[in-house]
Every structure is written in C-alpha cells, then in structure tokens.
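Two packed helices are described by the angle between their axes and the distance between the axes.

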Amino acid sequence: MAFPLHVLLLLFLSIPFSESESNLSFKYYKKSCPDFEKIVSETITTKQMSNPATAAGTLRLFFHDCMVEGCDASVLIASNSFNTAERDADVNLSLSGDGYEVVVKAKTTLELTCPNVVSCADILAVATRDLVTMVGGPFYKVLLGRKDGLVSKASRVEGNLPRTNMSMNQMINLFASKGFSVQEMVALTGGHTIGFSHCVEFSDRLYSYSKKQATDPEINSKFAAGLRSMCANYTTDKTMSAFNDVFTPGKFDNMYFKNLPRGLGLLASDNALVKDPRTRPFVELYATNQTAFFQDFSRAMQRLSIHEIKTARNGEVRNRCDQFNSIQT
C-alpha cells in the first residue's frame with residue numbers, strides 16, 4: 001500500500017527519538033551555515049556529471065558508515081601508524097573513491113564558508129540523499145546535527161555489514177540487530193539498482209557453484225554467459241566488475257526488483273531475496289509498484305541516517321574528514 005509523502009513525514013516525525021536524536025533538526029544549520037545544503041548540492045552535481053559512478057559509490061559509502069557503530073563518518077578516517085581504520089577493513093577496500101572525494105570537496109568549501117561548523121557525517125548524509133535524487137530516486141528529508149565519531153577501527157567492522165555469501169537468516173538477523181525489519185532490509189537492498197559489483201563477489205556463481213554444475217542454474221543462461229566472458233580474468237584483475245542492474249544501471253528505479261525473478265540478480269544475496277518466502281512478497285511489490293519502493297526506501301534511509309549518531313558529548317566536528325582533530329591511538 002502506497003502512502004502520500006506528507007503521511008510518511010508525519011509517521012517519521014512520530015518515531016520516538018533517543019536523547020541524541022532529539023538534538024537533530026531539519027534546519028540545524030539555518031543560522032550557523034545557511035548555504036550548507038546549497039554548497040553540498042553544487043558539489044555533488046559537479047562530481048556526478050563528471051563521474052556518473054559517484055551516486056552509487058556515495059550511497060554504498062553511507063551504508064557502510066552507518067551500519068558500523070552509526071552514522072558518524074568513521075569510515076572516512078584514514079589509517080595511520082597508530083591505528084588501522086574502518087576504511088581498511090577487507091569489506092571496505094572496494095568502496096569507491098568517488099564517495100570519499102565528493103565529501104572531501106564539499107567539506108573544503110564549507111570550511112572556507114563556515115569553518116568548524118558542519119560535520120562530515122552530515123555532509124555524507126545529505127550528499128547521499130542529493131545524489132540518489134539526482135539519478136532519479138526519491139527525495140527525503142534529512143535530520144541534521146550529527147557529530148563526527150572519535151573512533152574508527154577496522155577490527156570493529158566484521159559482523160556489522162552484510163556479506164554476499166550470507167544466508168537469508170543471517171541477513172535478516174544482522175538487520176534486525178540494527179533495528180530494521182525485513183521489509184526495510186529489502187527496501188535498502190534496492191539501492192543495488194545503481195552501481196556495480198566486482199566479479200570476485202559473485203565469481204563462485206559463475207565458475208564453482210557446485211561439483212555437478214560450474215554455474216548457478218538460477219542465473220539467466222545468456223546473462224551467465226556474458227558474465228563469464230566479462231569476468232574471465234577476475235583472478236588477475238581485481239577491478240573487473242559488472243553492473244548490478246544490467247538494464248538501467250545509472251538510474252535509480254525499481255528495475256533491480258524486476259530483474260530478480262528473471263534470473264538477473266548478480267549476487268547470491270540478491271537472488272535469495274526472490275526465493276525466500278519472507279522477502280519475496282516485498283520484491284514482488286516493489287517490482288510492480290515503484291512508488292511503494294521509493295516511499296519505503298525513503299523511510300528506511302531516514303531511519304538508517306539516525307542510527308547510533310554521535311552528539312557533542314561523544315563526537316566532534318572534524319577539521320578534515322579523514323582525520324580526527326586530535327591524534328587517536
């Protein structure tokens with residue numbers, strides 16, 4: 001069932017917030033940095049136009065940040081001799097440089113306009129929303145006032161992000177541990193409608209599915225043949241990749257869900273969504289009703305964006321997004 005946008009907003013505003021969430025506001029920078037959203041918008045527009053992969057890269061970066069101890073820009077921290085940061089955890093090594101770059105560019109401009117005011121966490125949240133909208137996705141309101149985290153450790157990443165080889169039980173339990181329902185999990189996974197995945201993430205479905213069959217029989221045969229050819233050298237070239245949505249890879253729409261019943265899901269976790277009875281009804285809904293997908297995705301992203309946020313008591317506004325204001329050990 002689809003709900004009007006104003007109803008969704010009322011529902012969102014009725015969510016009980018923790019003390020840290022109650023410090024957020026849609027107009028947090030109205031006085032302290034009135035051009036904040038304009039500067040972010042101009043930055044992401046320029047970057048997306050020059051590199052169309054920016055939207056997908058930034059969306060994934062935001063998701064990886066929020067799922068590991070909250071939306072606090074800890075994934076942006078660079079490692080040093082004292083600390084191996086989140087971005088160097090193995091699951092984060094494939095994160096796109098475009099996502100990092102667009103946040104850094106916006107932060108540089110904002111520091112010249114209103115220094116020491118806007119957090120990197122807020123920049124990432126708004127940049128993600130604006131990029132999703134720019135490539136055809138829904139617009140949703142983003143609460144502001146997050147602070148940047150004071151901790152970023154690669155050792156804390158494992159177990160907080162979904163893996164492509166996880167069972168559906170593991171996926172559901174992981175999202176449930178973060179407070180998300182099965183429907184919200186499916187809606188968020190719809191972000192795969194843009195961007196690409198590296199061949200190594202689905203190579204087992206192409207070359208070593210089982211002792212009897214090299215290729216997963218649930219992959220569309222022509223699609224599988226094309227992927228096998230495209231990914232032939234994936235063991236020597238780790239950058240080889242394929243679009244998550246073969247038809248409209250640069251457009252945020254519901255084509256990802258339409259593709260799944262056709263055997264055009266790239267990852268094993270994608271294919272599992274249309275097979276499991278707990279998730280299949282939502283795949284079918286979103287495949288036939290893009291409005292419902294957009295509304296549920298927006299609501300899930302709003303919830304994700306306030307997950308375990310940091311405030312002044314346990315965070316800071318970084319001068320640079322890739323390093324803490326003081327040396328951390």
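This is a predicted model: local features need pLDDT of at least 70, side-chain atom pairs count only at pLDDT 80 or more; totals for chains, interfaces and linings use all residues.

## Contact of α2 with α5

On the α2 side, the residues Phe36, Glu37, Val40, Ser41, Ile44, Thr45, Gln48 and Met49 meet Asp122, Ile123, Val126, Ala127, Arg129, Asp130, Leu131 and Met134 of α5. Sorted by class, this contact of α2 with α5 has nine nonpolar, three polar and four charged residues.

Helix α2 covers residues 36-50 and helix α5 residues 120-134; the two pack at an angle of about 55°, and their axes are 9 Å apart. That angle makes α2 oblique to α5. The crossing of α2 and α5 is right-handed.

## Helix α5

With 15 residues at 1.5 Å a residue, α5 should span 21 Å, and this agrees with its end C-alpha atoms, which are 21 Å apart. Helix α5 is mostly covered, with 13 of its 15 residues buried. Just after α5, Gly136 has a positive phi of about 105°.

## Contact of α2 with α4

Helix α2 also packs with helix α4 (residues 97-113), at an angle of about 140° and with the axes 9 Å apart. Angles over 145 degrees count as roughly antiparallel; α2 and α4 are therefore oblique to each other. The crossing in which α2 passes α4 is right-handed.

From α2, this contact is made by Phe36, Ile39, Val40, Thr43, Ile44 and Lys47; from α4, by Asp98, Glu101, Val102, Lys105, Ala106, Thr109, Leu110 and Thr113. By class, the contact of α2 with α4 has seven nonpolar, three polar and four charged residues.

Definitions and conventions. Residues are numbered from 1 along each chain as its sequence is written. Side-chain values use heavy atoms; hydrogens and water are left out. Axes are lines fitted to C-alpha atoms, for helices over the stretch in contact, and angles run from 0 to 180 degrees between N-to-C directions. Helices (H or I, at least four residues) and strands (E, at least two) are DSSP runs, numbered from the N terminus. Angles under 35 degrees count as roughly parallel, over 145 as roughly antiparallel, 65 to 115 as roughly perpendicular and the rest as oblique. A crossing is left-handed if the near helix is turned anticlockwise from the far one by less than a right angle, and right-handed if clockwise. Contact means heavy atoms within 4.5 Å. Ala, Val, Leu, Ile, Met, Phe, Trp, Tyr, Cys and Pro count as nonpolar, Asp, Glu, Lys and Arg as charged, and the others, Gly among them, as polar. The expected span of a helix is 1.5 Å times one less than its number of residues. Buried means under 20% relative accessible area, exposed over 50%, partly exposed in between (1.4 Å probe, protein chains only).
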